[in-house]
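Subject: Structure for your review

Dear colleague,

I am handing over the structure we discussed, and I would be glad if you could look through it alongside the notes below.

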Amino acid sequence: MYSLSPLFSESMDGPILADRFNPTAVSPRRLFQISENLVAKIDLRNEYTQSAINALAREHVVQTRLFDRGFCVPHSLGVFSLQIPTDTYYYRRGTIVPTHVFELVSDAIPLPSTYHLGWDTAYRLQREYDDAIRKIRSDKSFAFEPVDTGYHNGFYSPAKDTVFLCDFTLWKPKARVQRIGQAA
Ligand SMILES: Nc1ncnc2c1ncn2[C@@H]1O[C@H](COP(=O)(O)OP(=O)(O)OP(=O)(O)O)[C@@H](O)[C@H]1O
Ligand SMILES: [Mg+2]
């Protein structure tokens, strides 16, 4: 039996049920629309393992902290177990998997696919992404180190005219040495 993270066990009344289960256009393998405005991100290991739960829980923590600091990331609800409602190429109906549930940005365009908006616009969006990552990296009080920060992990919403950061499963907790009794 795997030990569940506190984040996860909070939602252990039973698996959540999706009222729909549509692969999203930008990430059909692991991002599924599960309701009008929510997506579920499924760990590709597709098993109920501790490491899958940890990766998804870490993403929830990083995403929430960035959101609270005013960075543009989809609002995160947490890690839940999800019962897969229909057969798909990867998943069998009825399988229960851990998922990270967060806000769907329905008009998301991955940054590497924004050139049709014009080169100037594409470069401006890339700069916005780079600036946000640089700001996070240089903030000593932020507990996680950005990892895997290519433009494929940023997307643009034309409706909100905003660049979003995404995909935080690999971000690393910074090693912090602290004496016992010393203030954080
Ligand atoms: N909340 C969201 N709403 C809409 N699209 C999103 C959202 N979050 C991420 N995406 C899109 O889905 C893509 C994949 O998401 P993410 O980077 O988190 O997973 P991944 O592990 O890299 O998946 P993949 O291997 O399918 O790229 C992102 O590049 C982004 O374009
Ligand atoms: Mg990614």
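What follows is an account of what was found in it.

Please keep in mind that this is a predicted model, in which local features need pLDDT of at least 70 and side-chain atom pairs count only at pLDDT 80 or more, whereas totals for chains, interfaces and linings use all residues. Residues are numbered from 1 along each chain as its sequence is written, while chains are lettered from A and ligands numbered from 1 in the order in which they are written.

Overall layout

The chain has 3 helices and 11 strands, where helices (H or I, at least four residues) and strands (E, at least two) are DSSP runs numbered from the N terminus. Buried residues make up 29% of the 184 residues in the chain; a residue is called buried if 20 or more other C-beta atoms lie within 10 Å of its own, exposed if 12 or fewer, and partly exposed in between, with C-beta atoms placed from the backbone. Among contacts with a separation of 6 or more, 58% join residues 24 or more positions apart, a contact being two residues whose C-beta atoms, placed from the backbone, lie within 7 Å.

An open sheet of 6 strands has the order β1-β5-β6-β4-β3-β2, with mixed pairing; two strands pair if DSSP finds at least two bridges between them. The edge strands are β1 (16–17) and β2 (22–23), each of which pairs on one side only. β1 pairs with β5 (residues 76–83) in the parallel sense over 2 bridges, and Ile 16 stands opposite Leu 82 in β5.

Helix α2 (residues 50–68) lies across β4 (38–42), β5 and β6 (96–103), running at about 155 degrees to β5; axes here are lines fitted to C-alpha atoms, for helices over the stretch in contact, and angles run from 0 to 180 degrees between N-to-C directions.

β9 and β10 pair over 4 bridges, and the bridge partner of Phe 155 in β10 is Phe 164.

The buried residues of α3 are Leu 125, Tyr 129, Ala 132 and Ile 136. Seen down the axis of α3, these buried residues fall within an arc of 60 degrees, so they line one face of the helix; the arc is that of the directions from the helix axis to the C-beta atoms. They pack against β9 (154–157) and β10 (162–165), whereas the face turned away from the buried side carries exposed residues including Trp 119, Arg 127 and Lys 135.
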